[in-house]
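Welcome! Please take a look at the sequence and the model shown here, and then let us walk through them together.

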Amino acid sequence: MFKKSLIAVAAASMLTLTACGGTGSAAGNAAGSDKITMGFAQVGAESGWRTANTKSVQESAKKAGVDLKFSDAQQKQENQIKAIRSYIQQKVDVIAFSPVVESGWDTVLKEAKTAKIPVILTDRAVDSSDKTLYKTFLGSDFVEEGKKAGAWVVEDSKAASDTVNIVEIQGTTGSAPANDRKEGFEEAIKANPKLKIIASQSGDFTRSGGKQVMEAFLKNNPDIDVVFAHNDDEGLGAIEAIEAAGKVPGKEIKIVTIDAVKDGMTALSNGKINYIVECSPMLGDQLMDLAKKVIAGESVPERVVTEETAFTQEQAKQVLASRPY
């Protein structure tokens, strides 16, 4: 009887030691013992690009065996902050998010850092001076995208003898892509004094916003030569407004956009848009790979830039059928 009791105590001790060693922490995940849990706070579903981006993240998480906790902020920063705090309380292994705007993140990111939960920025950056608040930023070079769009306008306007009137439909006010694409575009066109931005307003990256802004532009500025829209959806909305005003998009008013989603590429191949700079939403695989490395304690680059191109009308016709989004 005494011998049986000793065996029982020993067995219980072994179980206790096993339980203490089998935590659900990031350290446990780094050793490959547990499934990674990622909290992902998405901007919203404001465009075809964002929908494709969400699908990419969700499908890649499933393929990589990552337990994804997903939230849609509906383009409101307060919703994203609330979601991130919820992920901190749930003690997820890693947090990833695409910031609605650039500023106002330090407090919640410090909370994540205190909880020892690494953060990965996707698609959009934050303007914090403390780079230790996040591990890496995965996304496009928005300034370069703006420069590509501006370079096309410069080349297309070489033969212009008069002022080329440009209207700009910006993305969400305060967001990284809106700020950077504007900066890049202005940098590219400044060498040509004939190119003049006569109006600039936010369309909030939506088709309805693009249409409303373009309607106002047409009412106040009858002589518009070029539209620079910060994304395809805004450009597609502008097309609706231009056609409703009895003008021909792509001919009477030229249109340059950024994204290269299927609807945009279709309009490009049909001659209603003149040039599209690509911004790929397919970030899921790279995000999961970075998350695993970060949790394992491996070093990752501070900035991971996605490779992208641009399309003319003829190029769009050639690749449209094979576009995944």
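## A loop residue to start with

Glutamine 75 counts as partly exposed, at 23% relative accessibility. Here buried means under 20% relative accessible area, exposed means over 50%, and partly exposed is in between, with a 1.4 Å probe and protein chains only. Glutamine 75 sits in the loop between strand 2 (67–72) and helix 4 (77–89), and its phi is near 60°, a positive value in a residue other than glycine. Most residues other than glycine have a negative phi.

Phenylalanine 205 also has a positive phi, near 65°. This residue is in the loop between strand 7 (195–202) and helix 8, and it is buried, with a relative accessible area of 3%.

## How to read the model

This is a predicted model, in which local features need pLDDT of at least 70 and side-chain atom pairs count only at pLDDT 80 or more, while totals for chains, interfaces and linings use all residues. Residues are numbered from 1 along each chain as its sequence is written, and side-chain values use heavy atoms, with hydrogens and water left out.

## The overall picture

The protein has 12 helices and 12 strands. Helices (H or I, at least four residues) and strands (E, at least two) are DSSP runs, numbered from the N terminus. Of the 325 residues in the protein, 50% are buried.

Contact means heavy atoms within 4.5 Å. Among the contacts with a separation of 6 or more, 74% come from residues 24 or more positions apart.

## Nonpolar cores

A nonpolar core is a set of buried Ala, Val, Leu, Ile, Met, Phe, Trp, Tyr and Cys residues joined through side-chain atoms within 4.5 Å. The largest has 26 residues, and Ile169, Met214, Phe217, Val227 and Met265 have the most contacts inside it. Strand 6 (164–170), helix 8 (207–220), strand 8 (226–229), helix 9 (232–244) and helix 10 (262–269) are the elements that give two or more residues to this core. Helix 9 gives the most, with five residues.

Which residues does valine 227 touch? Not counting residues up to four places away in sequence, its partners are Val167, Ile169, Met214, Ala238, Ile242, Ile253, Lys254, Ile255 and Val256. A second, separate core of 22 residues includes Ala52, Val153, Ile189 and Phe228.

## Aromatic pairs

Rings of Phe, Tyr and Trp (its six-membered ring) pair if their centres lie within 6.5 Å; planes under 30 degrees apart count as stacked, over 60 as edge-to-face and the rest as tilted. The count by this rule is four aromatic pairs. One of them joins phenylalanine 97 and tryptophan 105, a tilted pair with 4.9 Å centre to centre and 55° between the planes. Both of these residues, phenylalanine 97 and tryptophan 105, are buried.

Tryptophan 152 and tyrosine 275 form a stacked pair, 5.7 Å centre to centre with 15° between the planes. Tryptophan 152 lies in helix 6 (residues 142–156) and tyrosine 275 in strand 10 (residues 275–278), so this pair ties together parts that are 123 residues apart in sequence. Tryptophan 152 and tyrosine 275 are both buried.

## Pockets and a cavity

On a 1 Å grid over the protein atoms alone, a cavity is a set of points where a 1.4 Å probe fits but cannot get out, and a pocket is an open set with protein on both sides within 12 Å along at least five of seven lines; lining residues have an atom within 4 Å of a point. Grid points are joined across faces, edges and corners, and a volume is the space filled by probe spheres set on the points. The largest pocket has a volume of about 240 Å³. Of its 16 lining residues, Ile117, Pro118, Val119, Thr132 and Lys135 are the closest to its centre. Helix 5 (residues 106–114) gives the most to this lining, with three residues.

There is one cavity of 30 Å³ or more, and the largest cavity has a volume of about 100 Å³. It is lined by 13 residues, with Trp49, Arg50, Arg124, Arg181 and Asp259 nearest its centre. Helix 3 and helix 7 (176–189) are the elements that give two or more residues to the lining of the largest cavity.
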